[in-house]
Protein chains: 2
Amino acid sequence: MTYADFQAHIAELNDLLNAISILKWDARTMMPSGGAETRGQQLATLSRLAQEHFISDKTARLLDAAEREVAADEPDSYRLRAVQQTRQYYSISRRLPLDLVSDKAALEPVSEGVWAESKRDNDFKRFAPYLQQQLDLAKRQAEAVGYQEHPFDALVFEYEPSVTAAKLKLIFGDLKAGLLPLLQKIVANDRPLERDLWRHEYPLDKQKAFGLEMAQRFGYDLKRGRLDIAPHPFEISFTRQDVRITTRYDLHYFPQALYGTLHETGHALYEQGVDPALTRTALTIDFLGKYPVGGTSYGAHESQSRLWENQIGRSREFWVNHYDRLRHYFPEQVTEVDPEFLYRAVNRVRPSLIRVEADEVTYNLHIMLRVEIEMGLLEGSLQVKDLPEIWNAKMKEYLGVVPKTDSEGVLQDIHWSGGGFGSFPGYTIGNIMSAQFLNAARRDVSGLNDGLERGDYAPLLGWLQQNIYRHGRAFSASELLQRCTGSDLHVAPYLAYLEQKFSDLYRLS
Amino acid sequence: MTYADFQAHIAELNDLLNAISILKWDARTMMPSGGAETRGQQLATLSRLAQEHFISDKTARLLDAAEREVAADEPDSYRLRAVQQTRQYYSISRRLPLDLVSDKAALEPVSEGVWAESKRDNDFKRFAPYLQQQLDLAKRQAEAVGYQEHPFDALVFEYEPSVTAAKLKLIFGDLKAGLLPLLQKIVANDRPLERDLWRHEYPLDKQKAFGLEMAQRFGYDLKRGRLDIAPHPFEISFTRQDVRITTRYDLHYFPQALYGTLHETGHALYEQGVDPALTRTALTIDFLGKYPVGGTSYGAHESQSRLWENQIGRSREFWVNHYDRLRHYFPEQVTEVDPEFLYRAVNRVRPSLIRVEADEVTYNLHIMLRVEIEMGLLEGSLQVKDLPEIWNAKMKEYLGVVPKTDSEGVLQDIHWSGGGFGSFPGYTIGNIMSAQFLNAARRDVSGLNDGLERGDYAPLLGWLQQNIYRHGRAFSASELLQRCTGSDLHVAPYLAYLEQKFSDLYRLS
């Protein structure tokens with residue numbers, strides 16, 4: 001047995017996981033509602049087969065052989081990394097009971113379907129038993145994986161291996177200390193913009209065309225991608241050759257679909273940028289989440305979606321450069337405003353109800369709220385049935401606003417319906433990382449700022465591709481930060497970015 | 001081990017085959033072109049896993065146990081049938097080499113992709129090597145399965161177990177003897193319809209809405225289905241809970257999309273009508289084709305698509321009943337014609353180039369031509385490189401027309417690109433069966449003709465559901481015919497139907 005045999009075995013696992021991802025994509029975008037139950041059975045069977053394939057004794061034998069073959073490789077060698085990571089997750093996965101894996105897979109599409117209907121009908125009670133089942137599965141998983149301090153540590157490990165509940169509390173503390181004073185100053189200075197740009201209708205096909213044009217300008221390759229509609233936008237990749245995004249549309253408020261598209265485009269650029277040599281290897285597998293992905297962690301992935309959505313898409317230069325294209329698609333609607341108006345409009349800071357529509361300053365407060373609830377549910381200090389009340393109380397405390405319906409409150413996000421406890425911190429970690437990466441790119445590439453001024457994104461994309469995307473999951477988020485910036489995760493660059501952008505926008509002293 | 005264990009094992013096989021079908025549906029309707037190669041790898045892996053699962057020693061042990069348990073069942077018992085069929089195809093499948101199965105699966109999406117591009121670019125030479133590969137695989141398969149007289153017998157067995165090359169020649173002979181005189185009389189009497197209904201534009205979304213409305217009137221359940229676009233329309237089912245159809249659109253000639261939709265709706269009604277108790281059993285698997293399907297053979301399936309498309313959808317009553325709905329969708333386009341004009345327009349008989357657009361009288365000549373070519377390729381008397389020339393010569397001989405391009409000729413159908421040698425006879429067998437079934441339904445259900453007169457399809461659907469659909473693959477096509485009509489396949493009812501319809505339409509003496 002050789003490394004090549006090991007790789008062929010892992011390639012098969014990739015294929016199985018890719019099939020699972022397509023079943024999930026289809027369930028979220030295309031599948032008729034009647035198909036949910038049998039889709040759950042299909043996912044359960046394939047997930048169990050994938051799990052059996054991975055935790056088989058054959059994997060152990062192939063790992064032994066591969067380890068011998070790569071032992072003398074350089075520490076950064078992809079082969080060595082592939083073997084090391086497979087070994088690490090093989091050990092963890094052997095501790096996960098098979099029935100837990102298939103129960104999770106079977107529950108996911110059913111639970112997501114119920115969530116979508118419950119959100120539509122503002123009916124939390126209908127969703128509650130499914131959420132309880134997901135929570136019970138998460139607890140079983142935490143016990144099986146093991147943890148030192150907090151069950152949350154075992155779950156967040158799947159998404160962000162380098163943080164724990166304790167570390168998160170420190171990071172959140174640093175962030176709050178910078179964000180809250182800024183937010184207070186902004187709210188005190190806020191004056192609504194007066195033009196009623198959003199009273200017009202923006203036909204959805206034109207919105208889609210404009211969003212896709214911008215996505216392609218950023219570098220999204222439609223020969224290896226497509227854009228569909230989903231109630232909760234997401235990106236999903238079936239190898240770097242087929243990386244799909246989704247968004248949702250508001251007939252009047254076109255930034256919803258646009259920034260949904262640009263956010264998912266950031267994810268997609270990461271996936272499309274993975275080195276072709278890593279296709280179907282261990283370095284494009286999330287072994288715990290059991291899906292094929294090129295990005296190294298949730299936070300690293302989110303750093304790219306947030307970077308392209310916010311730091312590029314919500315920049316003054318973006319609207320200066322692309323204002324004419326917006327008018328091309330909407331000549332009758334976009335008449336009485338200028339690029340500066342658009343820049344200000346898409347950056348208005350205002351405590352609000354919906355996380356995915358939150359501005360950059362309040363966004364992380366939405367995350368902290370969710371993470372606290374997850375920790376409470378896992379500890380047992382909070383109960384599923386009380387969540388609407390708890391949610392609303394925390395919204396009042398953190399943001400000073402209270403949702404009128406659960407659809408705008410506790411039911412707004414898909415994550416819990418899919419069992420994704422531990423995934424939310426990645427959003428805030430991504431925000432923090434995005435500023436660190438962009439600073440490093442500006443430092444390294446002399447023409448980068450000039451490019452952004454002109455709407456030429458190739459220099460930025462080139463740096464990201466070279467330093468981050470191509471490596472797939474070969475390096476951890478922490479290693480990527482060290483390699484690119486010389487330091488680990490820290491909040492100062494992100495806070496500085498927000499201070500500068502919003503002090504200018506709100507003319508703060 | 002019990003029958004329940006056997007059933008659980010077959011349920012897993014169903015899940016795997018369903019996943020494969022979704023990968024194929026996606027490849028034909030949604031997948032970006034860049035994804036073809038990795039999709040091929042995914043299909044190869046899953047097909048190999050499905051094949052290994054089926055031909056495993058475990059299947060043999062479970063079969064032994066199940067056979068003992070169902071031995072005393074009634075001959076028509078679903079359990080007994082499930083076990084018998086699994087045994088039959090288990091024996092055949094053990095003779096198929098694993099690498100043949102995965103080679104076929106890997107080639108299919110690549111070959112289909114090249115076919116689509118070759119057809120678009122009218123470039124047969126580009127497609128030829130892929131067709132040759134498919135032919136070589138088909139020959140290997142015929143040798144592995146085994147046959148008595150002709151390699152074609154081993155291939156057609158997959159689609160229509162009860163016919164052989166020799167039997168087909170007899171049936172085709174009977175059919176020709178009836179069709180050719182009728183066609184000659186019609187051509188002599190043909191006068192083109194004068195109104196230029198097809199100069200108008202029919203927006204595609206309206207065409208889709210009208211087609212779906214008609215499909216739903218026939219009984220297609222959109223909670224368990226959806227309609228998409230594909231260059232070569234098809235129906236595909238992932239269990240009876242999720243049965244999808246596709247069609248293609250011509251902006252000017254709305255019957256193309258409409259009758260494509262109604263044809264696939266016929267297939268879909270069959271699949272949606274399978275007894276829920278058969279979900280994930282051996283009676284919803286095509287073990288040789290390796291896909292999940294409720295219909296018992298290609299011909300039985302096609303009998304339903306042709307029945308709903310032609311005998312219902314192209315009836316005078318259809319247009320009398322639904323003319324107002326057509327005008328509802330196209331008030332500006334459908335102005336100077338009446339239902340009788342539409343009835344005549346969609347039934348015009350004219351020797352033409354494209355099989356899927358051929359009228360009911362010439363259609364079977366297109367099939368005979370293809371079947372002869374397949375037999376010749378398998379015998380070695382014809383060569384792939386010569387196919388455009390051979391095709392055109394046969395078109396001239398059979399139909400008196402010659403395609404100007406290969407796109408309208410030898411490249412028009414998807415079947416060979418997917419390796420479907422032996423599948424074409426099913427279309428003609430389906431035509432023949434459809435008349436036998438409809439006669440039986442009229443005989444059994446007193447209100448059926450009244451229903452059709454009023455556009456009420458429930459009595460017909462009810463009979464088909466009760467006598468055909470619900471049984472899935474429990475009975476062969478031959479058994480279904482015997483049970484419903486008391487006789488086996490014979491061409492007289494179909495010829496009588498054509499004689500009557502077209503003698504009236506063309507006022508033949």
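In the predicted model, chain B is superposed on chain A by a rotation of 180 degrees with 0.0 Å of shift along the rotation axis, at an RMSD of 0.0 Å. The two copies are thus related as by a two-fold rotation axis. Within chain B, the C-alpha nearest this axis belongs to A19(B), at 3.4 Å.

The interface between the chains brings 32 residues of chain B into contact with 32 residues of chain A. On the side of chain B that touches chain A, at least two residues each are supplied by α1 (3–29), α2 (36–54) and β1 (225–229) of chain B. The largest share of this side, eight residues, comes from α1(B). Classified by residue type, the side of chain B that touches chain A comprises eleven nonpolar, twelve polar and nine charged residues. Of the interface residues of chain B, 100% are also interface residues in chain A, so the copies meet through the same surface.

Within chain B, helix α2(B) also packs against another helix, α5 (residues 98–121). The axes of α2(B) and α5(B) come within 8 Å and cross at roughly 150 degrees. Because angles over 145 degrees count as roughly antiparallel, α2(B) is roughly antiparallel to α5(B). The crossing of the two helices, α2(B) and α5(B), is right-handed. On α2(B), the contact is made by A36(B), E37(B), R39(B), G40(B), Q41(B), L43(B), A44(B), S47(B), R48(B) and Q51(B). The partners on α5(B) are L98(B), V101(B), S102(B), A105(B), A106(B), E108(B), P109(B), V110(B) and G113(B). By class, the contact of α2(B) with α5(B) contains nine nonpolar, six polar and four charged residues.

At the level of domains, the assignment for chain A gives domain 1 (3–147) and domain 2 (165–505). The C-alpha centres of these two domains of chain A are 25 Å apart. Contact between them involves 45 residues of domain 1 of chain A and 39 residues of domain 2 of chain A. Five helices of chain A, namely α1 (3–29), α2 (36–54), α4 (78–94), α5 (98–121) and α6 (124–145), each give two or more residues to the side of domain 1 that touches domain 2. Of these elements, α1(A) gives the most, with 13 residues. The residues on this side of domain 1 of chain A divide into 24 nonpolar, 14 polar and seven charged.

Terms used: Residues are numbered from 1 along each chain as its sequence is written. Chains are lettered from A and ligands numbered from 1 in the order in which they are written. This is a predicted model: local features need pLDDT of at least 70, side-chain atom pairs count only at pLDDT 80 or more; totals for chains, interfaces and linings use all residues. Two residues are in contact if their C-beta atoms, placed from the backbone, lie within 7 Å. Helices (H or I, at least four residues) and strands (E, at least two) are DSSP runs, numbered from the N terminus. Ala, Val, Leu, Ile, Met, Phe, Trp, Tyr, Cys and Pro count as nonpolar, Asp, Glu, Lys and Arg as charged, and the others, Gly among them, as polar. Copies are superposed by least squares on the C-alpha atoms of residues with pLDDT of at least 70 in both. Axes are lines fitted to C-alpha atoms, for helices over the stretch in contact, and angles run from 0 to 180 degrees between N-to-C directions. Angles under 35 degrees count as roughly parallel, over 145 as roughly antiparallel, 65 to 115 as roughly perpendicular and the rest as oblique. A crossing is left-handed if the near helix is turned anticlockwise from the far one by less than a right angle, and right-handed if clockwise. Domain bounds come from an automatic or database domain assignment.
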